[in-house]
Amino acid sequence: ESWNPEPGIRAKDEKILRIGGVFGLWSHMSSSWWRYFNPPEGYARTTGMRITHVWCIDPEAGRRLAERYDAQLVGRYDGMVGQVDGMFIDDFLATPFMPDLSLPYIEAGIPCFFDRPMTSSVAGALKVINAAKRSSTPFMAASAYEYLKEIEVANLRMKGIGNISFYEARNSGTTLYQYALHGLWFTLKAMGVDVERIGHRTANPTNASGLTTLEHRREGKLFYGTIHHSPMKDIMVAVRAFGNQGDFEASCVSDGRPWHHDVFTYLEMMHAIERMIRTRKAPEPLEYTEKKVRIFLSLLHSVFEKNGEMVDVASLPESWDATSTI
């Protein structure tokens, strides 16, 4: 009883949430996530959400997606206002436009989930954040790696190592969005977003292998971390931290079975999204979201504009746009 004291009956939550989507063919929703919302015959329902409305800039692609989801295809990107309980902005190729695509919904009080990274500039991120503040509307911009069970292990073990001295992380990835974001946001979730400077060295900016260096300042003291990015067999991501009272390692290993992603990678984030929509409470403060986006964009600025030099995160120009890189 002490483990989970909340009552088990919440009548107001019995309805299936209506989800609208700005989708493209290159997205997690089009490839796999849709099964958590609109399960095919024979599949168990794993969330209390259902895709009911879809818009896509490509009408033919939109028609195909709507048919797959048994959803209504709308004619305008803002045509789902008043029709849905929550929104997914999920088209990686539309990253520079994600802030503008979301504004009609955030301003109408409809919670939004952005499939990483939400924006290609700090200015775009601030557009969403300021709109969310004005309307008191929650939103999420997340990587599924931030919701891995290994994050919980890392956060628990961090309490036992004393003052952190340094850390080293490993991220299995090949493409830019894998190495520059998934492994990075996993690491920040465990090690903190108090990053003053960041740099990324690589021979090929659009692919791994590469090395990210992070300079943290905590309680007036500096410490450093590294993230090695390279394809690894079975290991998705890992971090090892060292402190004055010990060390620990948390490693996420995939055994290759297809349901590993379903059960251990994506589902907890889906449940976090549903909780946000139902409770109207974002899973992380706006300040945290802004910091992790700034750190991500600073990494890109380092590798594409500064030849791997360390970039001051606070000084990254708000107007700098990573459109050409992502």
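**Rings and strands in a predicted model**

Student: How is Y77 classed by accessibility: buried, partly exposed or exposed?

Tutor: This is a predicted model, in which local features need pLDDT of at least 70, side-chain atom pairs count only at pLDDT 80 or more, and totals for chains, interfaces and linings use all residues. Residues are numbered from 1 along each chain as its sequence is written, and side-chain values use heavy atoms, leaving out hydrogens and water. Buried means under 20% relative accessible area, exposed over 50%, and partly exposed in between (1.4 Å probe, protein chains only). Y77 has 28% relative accessibility, so Y77 counts as partly exposed.

Student: Which type of ring pair do W55 and Y77 form?

Tutor: Rings of Phe, Tyr and Trp (its six-membered ring) pair if their centres lie within 6.5 Å; planes under 30 degrees apart count as stacked, over 60 as edge-to-face and the rest as tilted. By this rule there are twelve aromatic pairs. The centres of W55 and Y77 are 6.1 Å apart and the planes stand at 65 degrees, so the pair is edge-to-face.

Student: How many residues apart are W55 and Y77?

Tutor: Strands (E, at least two residues) are DSSP runs, numbered from the N terminus. W55 is in strand β2 (residues 49–55), while Y77 is in the loop between β3 (72–73) and β4 (86–90), and the separation is 22 residues.

Student: In which sense do β9 and β10 pair?

Tutor: Two strands pair if DSSP finds at least two bridges between them. Strand β9 (residues 210–218) and strand β10 (residues 221–229) share nine bridges, and their sense is antiparallel.

Note on methods. Helices (H or I, at least four residues) and strands (E, at least two) are DSSP runs, numbered from the N terminus.
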